[in-house]
Amino acid sequence: MPHGIEIPSRRPTRVALIGAIKTNTMRNEHNLQGVTLLGDHKVPYPTDYDPNILEAFVNMHPDNEYLVTFDCPEFSSLCPKTGQPDFGHIFISYIPREKMVESKSLKLYLFSFRNHGDFHEDCINIIMKDLIRLMDPRYIEVTGYFMPRGGISIYPFANWGDAEHQDLCKARLQTKMTDNLHRQKPQL
């Protein structure tokens, strides 16, 4: 036996496998307290920016450090000066602590920017700060890839981390800066 590992002579039965799975990871009503939008098909879409739409649920794996990423390809907001629509692709990644954002509430929250007039950089920072207030994550980053207006695309990036993740904050910012420098090199 390699490294003292005992190899079973036959495959375990389905009953043995099911018994080995932890049953305490199943969510119950107590774990879902505060999650009210999911499953409600009559939820109206917001017409104004509203961070109170965001809902959180309990992280069942707070001892694990893992990454959650949301890809929001249809973000829209308004130019604060002209009122013209701006369209962007938003990525939100975070390392949860005790709470996690519920995805339908996040969808409605992001939709609430549709009639909100702010610059792209402001939208990204507002999203990040609202999620920090909701979840108190270990680390979070929000990136926006906005469509060109007047021939210029804007790609704002904002991140935040607790004391244990300051090196990650600096490394991710450095990576984004390096990526942008390579992306912006003129082709000769």
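The largest pocket of this predicted model is lined by 14 residues, and those lying nearest its centre are C72, E74, F75, K107 and L110. The space in this pocket comes to about 360 Å³. Beyond the pocket, the structure holds nine aromatic pairs, and F75, one of the residues nearest the pocket centre, is also linked by ring pairs into a cluster with Y49, Y109, F113 and F146.

**Lining of the largest pocket**

- Two elements, β2 and α2 (103-111), each give two or more residues to the lining of the largest pocket.
- Strand β2 provides the largest share of that lining, with seven residues.
- By residue class, the lining of the largest pocket divides into eight nonpolar, two polar and four charged residues.

**The stacked pair F70 and Y94**

- Among the nine aromatic pairs, F70 and Y94 have ring centres 6.4 Å apart and planes at 15°, and because planes under 30 degrees apart count as stacked, this pair is stacked.
- F70 belongs to strand β2 (residues 68-78) and Y94 to strand β3 (residues 85-95), so the pair ties together parts of the chain that are 24 residues apart in sequence.
- F70 has a relative accessible area of 16% and is buried, while Y94, at 1% relative accessibility, also counts as buried; the cut-off for buried is under 20% relative accessible area.

**The tilted pair Y145 and Y155**

- Y145 and Y155 form an aromatic pair with 5.2 Å from centre to centre and 55° between the planes, which makes the pair tilted.
- Y145 lies in strand β5 (residues 139-149), whereas Y155 lies in the loop between β6 (152-154) and β7 (157-161), so that the pair ties together parts that are ten residues apart in sequence.
- Y145 is partly exposed, its relative accessible area being 22%, and Y155 is likewise partly exposed, with a relative accessible area of 33%.

**A56 and its contact along the chain**

- A56 has its place in strand β1 (residues 56-58), and with a relative accessible area of 17% A56 is buried.
- The C-alpha atom of A56 is separated by 5.4 Å from that of E102, although the two residues are 46 residues apart along the chain.

How values were computed
Residues are numbered from 1 along each chain as its sequence is written. This is a predicted model: local features need pLDDT of at least 70, side-chain atom pairs count only at pLDDT 80 or more; totals for chains, interfaces and linings use all residues. Side-chain values use heavy atoms; hydrogens and water are left out. Rings of Phe, Tyr and Trp (its six-membered ring) pair if their centres lie within 6.5 Å; planes under 30 degrees apart count as stacked, over 60 as edge-to-face and the rest as tilted. Helices (H or I, at least four residues) and strands (E, at least two) are DSSP runs, numbered from the N terminus. Buried means under 20% relative accessible area, exposed over 50%, partly exposed in between (1.4 Å probe, protein chains only). On a 1 Å grid over the protein atoms alone, a cavity is a set of points where a 1.4 Å probe fits but cannot get out, and a pocket is an open set with protein on both sides within 12 Å along at least five of seven lines; lining residues have an atom within 4 Å of a point. Grid points are joined across faces, edges and corners, and a volume is the space filled by probe spheres set on the points. Ala, Val, Leu, Ile, Met, Phe, Trp, Tyr, Cys and Pro count as nonpolar, Asp, Glu, Lys and Arg as charged, and the others, Gly among them, as polar.
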